[in-house]
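Q: Please take me through this model one topic at a time, beginning with the aromatic rings.

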Amino acid sequence: MGQLTLWGRLSSCNVQKAVWVLEELALPYKRIDAGGDFGGLDDPAYRAMNPHGTVPTLKDGATVVCDSDAIIRYLAASYGRGSLWPDAPAERAAVDQWLAWANASLYRDWIDLFWMCVRTPPERQDAEGIEARRARTAERFTFLDNELANRPFVAGLEFSLADVAAGMTLYRWFEMPIERPALANLDAWHDRLKQRPPFQAAVCVPFDELVGKLAH
Ligand SMILES: N[C@@H](CCC(=O)N[C@@H](CS)C(=O)NCC(=O)O)C(=O)O
C-alpha cells in the first residue's frame with residue numbers, strides 16, 4: 001500500500017462514498033478538502049490527476065483513481081479481501097447489479113430532488129418539480145423497502161459496496177423538509193447502517209453549507 005490520499009470536500013455525496021469505504025476498511029488515509037468553496041478543481045495539477053475536474057480523486061502511491069464508484073471498487077478489490085466486493089463472479093455480480101441500480105436509478109432521482117429542494121434558493125424553487133422528484137424518489141425507496149423484506153443488506157446477507165452506494169442517500173433523504181412514506185424495512189436497514197461508525201462519520205454530515213447554493 002502506498003500513501004492513500006483522497007481529494008474532496010466531505011459535503012460531496014460522492015466523496016462520502018469513498019470516505020465510508022476507507023473507514024470501513026480501517027485504512028490510514030489523508031483527506032484534502034477540494035471542490036465547492038475550497039476550489040482547486042481547475043488547478044493544472046489537479047486536472048492532471050482528474051481530467052473531469054470533479055471530486056473525489058484517490059491517489060494510492062503511483063495509482064490515481066477518479067470517480068467514486070471506481071474508487072470504492074478499487075479500495076475493496078485492493079484492501080477488502082473479498083469483504084465488500086466479493087471475489088467470486090456470481091457473488092460479485094449480485095453486488096454489481098445493486099450498485100448499478102443505486103447509481104443509475106435511486107441516485108439520479110434523489111440528487112435531482114436534493115438540488116431542487118435544498119440547493120435551489122427558495123425564491124427560485126419549483127414546487128411542482130420538487131413534488132414530482134419527491135414522488136419518484138419515494139417510489140425508488142419503496143421498491144428498495146420491498147427488496148429489503150427478504151434480506152438485511154441491499155445485495156444479500158452481508159454488508160457490501162451496494163449498501164454504500166444506496167445508503168449514501170439516507171441522511172439527506174431523512175433530513176430534507178419533505179413528506180416521506182412509512183417504510184419499515186428501509187428503516188430497519190437504516191438502523192443497521194447507523195450502528196456502523198463509518199456510516200456516521202462519512203454520511204451523517206449536516207449540509208448547511210449547500211443550502212441555496214447552485215454554484216458548484
Ligand atoms: N460520477 C462522479 C461524479 C463526481 C461529481 O460530480 N462530483 C461533484 C461533487 S458530488 C463535484 O465534483 N462537484 C464540483 C465541486 O464540488 O466543486 C463520481 O461519482 O465521482
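**Aromatic pairs, helix contacts and backbone details**

A: Tyr107 and Trp110 both belong to helix α4, where three residues, about one turn of the helix, separate them. Helices (H or I, at least four residues) and strands (E, at least two) are DSSP runs numbered from the N terminus. This is a predicted model, in which local features need pLDDT of at least 70 and side-chain atom pairs count only at pLDDT 80 or more, while totals for chains, interfaces and linings use all residues. Residues are numbered from 1 along each chain as its sequence is written, and side-chain values use heavy atoms, with hydrogens and water left out.

Q: How many aromatic pairs are there by the rule?

A: The count is 11 aromatic pairs. Rings of Phe, Tyr and Trp (its six-membered ring) pair if their centres lie within 6.5 Å; planes under 30 degrees apart are stacked, over 60 edge-to-face, and the rest tilted. Tyr107 and Trp110 form a tilted pair, with 5.8 Å from centre to centre and 40° between the planes.

Q: Are those two buried or exposed?

A: Tyr107 is buried, at 13% relative accessible area, and Trp110 is buried at 0%. Buried means under 20% relative accessible area, exposed over 50%, and partly exposed in between (1.4 Å probe, protein chains only).

Q: And Phe114 with Phe207, what type of pair is that?

A: That pair is edge-to-face, because the ring centres are 5.2 Å apart and the planes stand at 80°. Phe114 is in helix α4 and Phe207 is in the segment after α9 (197-202), so the pair ties together parts 93 residues apart in sequence. Both Phe114 and Phe207 are buried.

Q: Which residues do ring pairs link into a cluster?

A: The cluster consists of Tyr107, Trp110, Phe114, Tyr171 and Phe207.

Q: Now the helices: how do the axes of α4 and α5 cross?

A: The axes of α4 (residues 89-119) and α5 (residues 127-147) come within 8 Å and cross at roughly 150°. Consequently α4 is roughly antiparallel to α5. Axes are lines fitted to C-alpha atoms, for helices over the stretch in contact, and angles run from 0 to 180 degrees between N-to-C directions. Angles under 35 degrees count as roughly parallel, over 145 as roughly antiparallel, 65 to 115 as roughly perpendicular, and the rest as oblique.

Q: What residue classes make up the contact of α4 with α5?

A: Among the residues that meet are Trp98, Trp101 and Asp109 in α4 and Arg133, Phe141 and Glu147 in α5. The contact divides into 11 nonpolar, three polar and seven charged residues. Contact means heavy atoms within 4.5 Å. Ala, Val, Leu, Ile, Met, Phe, Trp, Tyr, Cys and Pro count as nonpolar, Asp, Glu, Lys and Arg as charged, and the others, Gly among them, as polar.

Q: What about α1 and α3, how do their axes cross?

A: The axes of α1 (residues 13-24) and α3 (residues 68-79) come within 9 Å and cross at roughly 5°. The two helices are therefore roughly parallel. Asn14, Lys17, Ala18, Val21 and Leu22 of α1 make the contact with Ser68, Asp69, Ile71, Ile72 and Leu75 of α3. By class, six of these residues are nonpolar, two polar and two charged.

Q: And at what angle do α5 and α8 cross?

A: The axes of α5 and α8 (residues 184-194) cross at roughly 80° and come within 7 Å, which means that α5 is roughly perpendicular to α8. Phe141, Leu144 and Asp145 in α5 meet Ala184, Asn185, Leu186 and Trp189 in α8.

Q: Staying with α8, is His190 buried or exposed?

A: His190, which lies in helix α8, is buried at 9% relative accessibility. Leaving aside neighbours within four places in sequence, His190 is in contact with Leu170, Phe174 and Phe199.

Q: Changing topic to the backbone: which peptide bond is cis?

A: The bond from Val55 to Pro56 is cis, with omega near 5°. Pro56 lies in the loop between α2 and β3 (57-60).

Q: What is phi for Asp67 and Arg81?

A: Asp67 has a positive phi of about 85° although it is not a glycine. Asp67 is in the loop between β4 (63-66) and α3 and is partly exposed, at 45% relative accessible area. Phi of Arg81 is near 45°, again positive in a residue other than glycine. Arg81 lies in the loop between α3 and α4 and is exposed, at 74%.
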